[in-house]
Amino acid sequence: MGVLLNLVYDLLPPLEQPQWSLFPPSARLVEQFAIGLKDVFESFGTTSSMIHAGLLALAAVGGGNAPSEVPYYGRSPAVYPCPVANGTSSARWATSSKNARDLVSKMTVDEMVNMTHGWPGLCVGNTGAVPRLGIPSLCFYDGPDGLRGQEFASAFPAGIHLAATFDKDLMHQYGRALGDEFHGRGVNVALGPVAGPLGRIARGGRNWEGLSNDPYLAGVGMGALTRGIQDAGVIATPKHWLLNEQEFRRRWSSMGDAISSNVDDRTLHELYAFPFMNALREGAGAIMCSYQRANHSYACQNSKLLNGILKTELGFEGFVVSDWDGQMSGVASANAGLDLTMPNAGFWGANLSEAVRNGSVTHDRLADMATRILASWYYLHQEKDYPPPAIFPNDQPHPPVDVQADHASLIRQIGAAGTVLVKNVNHTLPLVRPRFLCIYGYDATLKPVPWTNPDRYGGGYEVNFGWETFNGTLITAGGSGSTTPPYVISPFHAIQERVIRDKGVLRWDFYSQDPATPYVNTDACLVFINAYAGESFDRTSLTDDFSDKLVTNVANMCHNTIVVIHSAGIRVVDAWIDHPNVTAVVFAGLPGQESGHSLVDVLYGDVNPSGRLPYTVARREEDYGRVLNSTVGEVHEYFPEDEFEEGLFLDYRAFDRDGVQPRFEFGFGLSYTAFQYEALDVRVSGDTAEFPDPEVGIVQGGHPELWEVVAVVRCVVENAGDREGAEVAQLYVGGPGGDSDSPVRQLRGFVKLELDKGEKKEAVFELTRRDLSVWDVVAQQWRLRRGEYGVWVGASSRDLRLSESLSIY
């Protein structure tokens, strides 16, 4: 009976349902429980497929109390069949795909099926091997900021910190260094970079893993990181595709289905898919689909997202892997475009073999799954002498496999480059050989017991749920993207090194909210606070009462108070920002293992700060409006929804539309010198036809003409100050027609210029067809509108120094 029920339900035809699970939530909970007991049952000789079938049957009996999902059917358009990867994007993809097809043609159905799901092994994910054909198990490993849980591996800055550098070269160097470490440990597939979440929800728990809530900035980072990782021979996995913008109810639970991100077609393309396009253009070999539903269809079986947009519009040649335990069906997910389920067989395994044999899934679809996996393997030349996995648990004796190289120097450089100075009264900074400093705050030093979880600095899921601050210096945040640093240079450690060198005096209090002893002879008081976030929960505030009172109390007794914030995202500061004794404020991000050195380089002026905010800091939390919090909905709502009613108006776009004055705007950051702008020149330089040529074939990354330059903007930037520094010149563009559905202006270029005092350099911005186009929901194509485009160049989204117009008719 159980086996029969399992086959009947799993082999249902692939109707486009809003949620593809076989049974209501209570049934799925039973199934999840079965996964947890798998090892116990198998110890008695019971196969996992028998357990799966029996418990599903049990759930079917008792799971009839869920409300009907029929009213939600069809809200995500059906797109079938799944396109077959053909290697037409490039000669390299053509060769890789041919080699993969040749190999797959020699495989049995069961061998192909074994490649499409996870197996037990050393890594967080392991594919099935085919030894007789020389196909190894591929090793998948976290995360976007470093090899989590491994010794002798680096802890890089978080994605949001890297974005704050606004430095394309550093983004690529980061990706290459990260890729080298993964390659050195035999990891085939690196689980990153991240553009989902984009950062829609101001209090979102995983925003720190990504590269800002601006799609252009995030896209540049995604492209550079993907190129860097794959330059090292490792398959990059941009994630999470798509619309995974909150942690609350991101997965099904006892409350019901996962949240449904309900978004319109234009917003989906222009905001959320936009940064993934850059990664695809750079040849990304894998894409990870997300947990939640999109327009009521689970993302890992949403044929519109996978077959329609990813594999058709964007010409994806690689494979789609589920987020861990993110598969929600068998036949439906296979036909909707999922190629690999992790970390186990999920709904596939023997069931998928049977589905192919009875025709529910075609043999060609199965062959395409295996071909896509192997094509990426060939694309990165991993068939040639790739090192075996060197992944070890902390309790297993093993020889050290050191992959750190000199990456600490790069980490220190990126840490400083992503540090953002937002207030500096009367040149408080840089510090000039101060003789007496006072250090306050829990973030200045190391957490006393940070290794209760050996895989995650500071603690894992078992302890960090709901943390708003971290009791120690914050260099990373929580969840699968967390890191395991080989060491941590705390701010106190690095400052003490400088004080000792200068033969000075240091006083400190890491714990008091209201330090009792004033030191009237101190040159400055530095207050260290932080803002924590993590996977599995969203933040409940963008402030912290203890921290804000600490800053105020220190400022009340110290005339020169410098505040340093290590933050996993937006941190509102209006509780104390205007205090007359708060003379300097630094947003120090999540800088990785060299945290203290990076910060001291900026505080003491060895590095002139050039970081820029990758988000808007509001004066009040309420200024973020309906995207401040994750959508909670009714407690017993089975099919929760989040309507993306704001459309394109996220962050600075919304502040500009509504006339809300931010505390610190997107792209803002101070320097120890000053810059002037002049000589703006705007010219059309390419084909400005309204639509791309329909006769030109799609390649990975979309229509090739989307990436062609159609206009060039130039200006001259001068360092008018008295010391060398770097300026981030930013280009913003507004479309024609006064469309109320379009932002006034959007970031469409940035250039970081290193300038000696008195030096001038030209900033050149190349605008592609995609940069100037909108997604036409009727034509289902990128459209270059006719009319006058506004062009602005400046130092932030509000500090616009030069303006001109661009005519396209």
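Asp 214 is found in the loop between strand E3 and helix H9, where helices (H or I, at least four residues) and strands (E, at least two) are DSSP runs numbered from the N terminus. The structure is a predicted model, in which local features need pLDDT of at least 70, side-chain atom pairs count only at pLDDT 80 or more, and totals for chains, interfaces and linings use all residues. Residues are numbered from 1 along each chain as its sequence is written, and side-chain values use heavy atoms, with hydrogens and water left out.

**Asp 214**

- Asp 214 counts as buried because its relative accessibility is 0%, given that buried means under 20% relative accessible area, exposed over 50% and partly exposed in between (1.4 Å probe, protein chains only).
- The side chain of Asp 214 makes a polar contact of 2.7 Å with the side chain of Tyr 652; a polar contact is a pair of N or O atoms within 3.5 Å, and within protein one must be able to donate a hydrogen and the other to accept it, while residues adjacent in sequence count only if both atoms are side-chain atoms.
- When its neighbours within four places in sequence are left aside, Asp 214 is in contact (heavy atoms within 4.5 Å) with Leu 198, Tyr 652, Arg 653, Phe 666 and Leu 747.

**Helix H8 and its ends**

- The 17 residues of helix H8 (residues 168-184) should span 24 Å at 1.5 Å a residue, and this agrees with its end C-alpha atoms, which are 24 Å apart; the expected span is 1.5 Å times one less than the number of residues.
- Among the buried residues of H8 are Leu 170, Tyr 174, Ala 177 and Phe 182, and what covers the buried residues of this helix includes strand E2 (139-141), helix H7 (159-163), strand E3 (189-190), helix H9 (215-231) and helix H15 (407-417).
- Asp 167 caps the N-terminal end of H8, with a side-chain oxygen lying 3.0 Å from the backbone nitrogen of Asp 169, whereas H8 is followed by Gly 186, whose phi is positive, near 75°.

**Packing of H8 with H15**

- H8 and H15 pack at an angle of about 145°, with their axes 11 Å apart; the axes are lines fitted to C-alpha atoms, for helices over the stretch in contact, and angles run from 0 to 180 degrees between N-to-C directions.
- The contact is made by Leu 170, Gln 173, Tyr 174, Ala 177, Asp 180 and Glu 181 of H8, together with His 407, Leu 410, Gln 413, Ile 414 and Ala 417 of H15.
- Arg 412 is found in helix H15 and is partly exposed, with a relative accessible area of 30%.
- Leaving aside neighbours within four places in sequence, Arg 412 is in contact with Glu 594, His 597, Ser 598 and Asp 601.

**Backbone features**

- Most residues other than glycine have a negative phi, and most peptide bonds are trans.
- Phe 166, in the loop between H7 and H8, has a positive phi of about 50° although it is not a glycine, and Phe 166 is buried, with a relative accessible area of 0%.
- His 381, in the loop between helix H14 (363-379) and H15, has a positive phi of about 55° although it is not a glycine, and His 381 counts as partly exposed at 43% relative accessibility.
- The peptide bond from Met 342 to Pro 343 is cis, with omega near 5°, and Pro 343 lies in the loop between helix H12 (331-336) and helix H13 (350-358).
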